[in-house]
Amino acid sequence: MTPSLQLRLYDTLTRDKRVFVPIDKARVRMYVCGPTVYDFAHIGNARPVIVFDVLYRLLRHIYGEAHVTYVRNITDVDDKINARAAERGISIRELTEGTYNNFKADVAALGCLTPTVEPRATDHIEEMKTIIERLVKSGNAYVAEDNVLFDVPSMPDYGELSKRPLDEMIAGSRVEVAPYKKDPQDFVLWKPSKPGEPGWPSPAGIETLGRPGWHIECSAMAWKHLGETFDIHGGGIDLVFPHHENEIAQSRCAFHSGVMANYWMHNGFLQVEGEKMSKSLGNFFTINELLADWPGEVLRFNMLRTHYRQPIDWTVKGLEESWKTLDDWYWVAGSAVGDRISNAMLAALGDDLNTHQVITVLHGLRNKAQGGDEIARNELAWSLRMLGFLRESAADWAARRQTNADVDATKVQSLIDARTAARAAKDFKESDRIRDELAAMGVVLKDSKEGTTWEIAR
Ligand code: AMP
Ligand code: ZN
């Protein structure tokens, strides 16, 4: 624990970076919007998962593991889910269960801790209905043709998070304006289920079966697990409007509170090789596909090289550089023991999760460690572990690199042994010849006082 560490976070609501002060330091509470489980998650979805995992680790470090509650929901009721289950001829539960299990495996490979609670939307229908009933009662929602809609003009300060001009919000919502809406901005809290769709008994006196809108799910799950007001709410920047704006409207009006969460945090978007990731462009990658070619720690490291609020350009070149850096750090610190986390690293992290600066600090420690500074080596190892790296032994890491390439490791080792013998006999012509032979196989040698290691040139 480092109680003196100052954490500052950028809040999208107030548009400034503020010192983080939890409502109750014995129970720090964070909610992050999780996946809609209809298919494998893509690498863009991995960004909020990794970014908020780093924040979770930092909060646990500052306040103690038992004092942080992290809720990341699972959206398991959605049009895309219904369509996909029908397409595949399986039940909705089968689809969402399988997809959720894939998601869990992917994010574990990325080094992410399991959140304290991973609530499913379909287990919180009662809480959603309670909120909806309250909103109808307080005059913030109305029933129209078996839908329940949130009455946006009933909330005078609606729109504070996105700060979009009113005409823009109206234009945005007009795309799907239904005739029964009193105002084009009004959004759905509950809607009737069509035949074949999942349905539940409806709130507000509606007699047909219905299902919740998307935004109400998060208000309900956050309320159930974190209370009416909590500390941090996170997600990708695309969720600011309308999703988070509408969560705020629902929760504040239902609970008559001025605040839903004290800090609203949003990660920037990920694009691939300079272009928006899309299936039609052929540059769409699932986490699962990438894990076949790159270790999870490489994907994680590559994600953290860019500050979370900046857009990130995901490239093969970046991944190769990330892998090389991790090879080097594993080699320098992979087997170091100790329990010291670098204060400079923590200070960078505490500055609105400046992971770009964290990496600069770690490079500095690496150079000191290489010069024989054992404290720096210890701090490098422990800082990396806190961030979710060095989860393998240095030997396993190096072996993985070697088996990833088409090189006969036994042959490489016997050539290295022959070269070591030639050098001992001062036969430098022979030792150079062997080094060149290895280079022709794509093998790069690293000599140190501990001996010679090797890696595949990339
Ligand atoms: P979804 O399943 O589309 O609701 O997305 C789950 C999470 O991933 C949300 O927090 C999104 O904001 C985030 N997300 C989706 N696409 C990207 C992307 N390309 N870059 C960064 N975050 C993304
Ligand atoms: Zn949400």
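In this predicted model, the shell of residues around ligand 1 is made up of four nonpolar, eight polar and one charged residue. Of these 13 residues, the ones that come nearest to the ligand are Gly 44, Asn 45, Gly 236, Asp 238 and Leu 270. Two elements, helix H1 (43–63) and strand S10 (230–236), each give two or more residues to the shell. Helix H1 provides the largest share, with three residues.

On the oxygen side, an oxygen atom of ligand 1 lies 3.1 Å from a backbone N or O atom of Gly 236. On the nitrogen side, a backbone N or O atom of Leu 270 is found 2.9 Å from a nitrogen atom of the ligand. The side chain of Asn 267 also takes part, with an N or O atom 3.4 Å from a nitrogen atom of ligand 1. Taken alone, the ligand exposes 490 Å², and the protein buries 84% of that area.

Another residue worth a visit is Asn 246, which lies in helix H7 (residues 240–255). Asn 246 counts as buried because its relative accessibility is 2%, and the limit for that class is under 20%. Leaving aside residues up to four places away in sequence, Asn 246 touches Tyr 158, Phe 187 and His 215. With one of these neighbours, Tyr 158, the contact is also polar: the two side chains are joined at 2.5 Å.

Key:
Residues numbered from 1 in each chain as written. Chains lettered and ligands numbered in written order. Predicted model: local features only at pLDDT ≥ 70, side-chain atom pairs only at ≥ 80, totals over all residues. Heavy atoms only, no water. Near = heavy atom within 4 Å. Polar contact = N/O pair within 3.5 Å; in protein donor to acceptor, adjacent residues only side chain to side chain. Areas by Shrake-Rupley, 256 points an atom, 1.4 Å probe, with all protein chains shown as cover. Helix = DSSP H or I, 4+ residues; strand = E, 2+ residues; numbered from the N terminus. Nonpolar A, V, L, I, M, F, W, Y, C, P; charged D, E, K, R; others polar. Buried < 20%, exposed > 50% of the residue type's maximum accessible area, 1.4 Å probe, protein only. Contact = heavy atoms within 4.5 Å.
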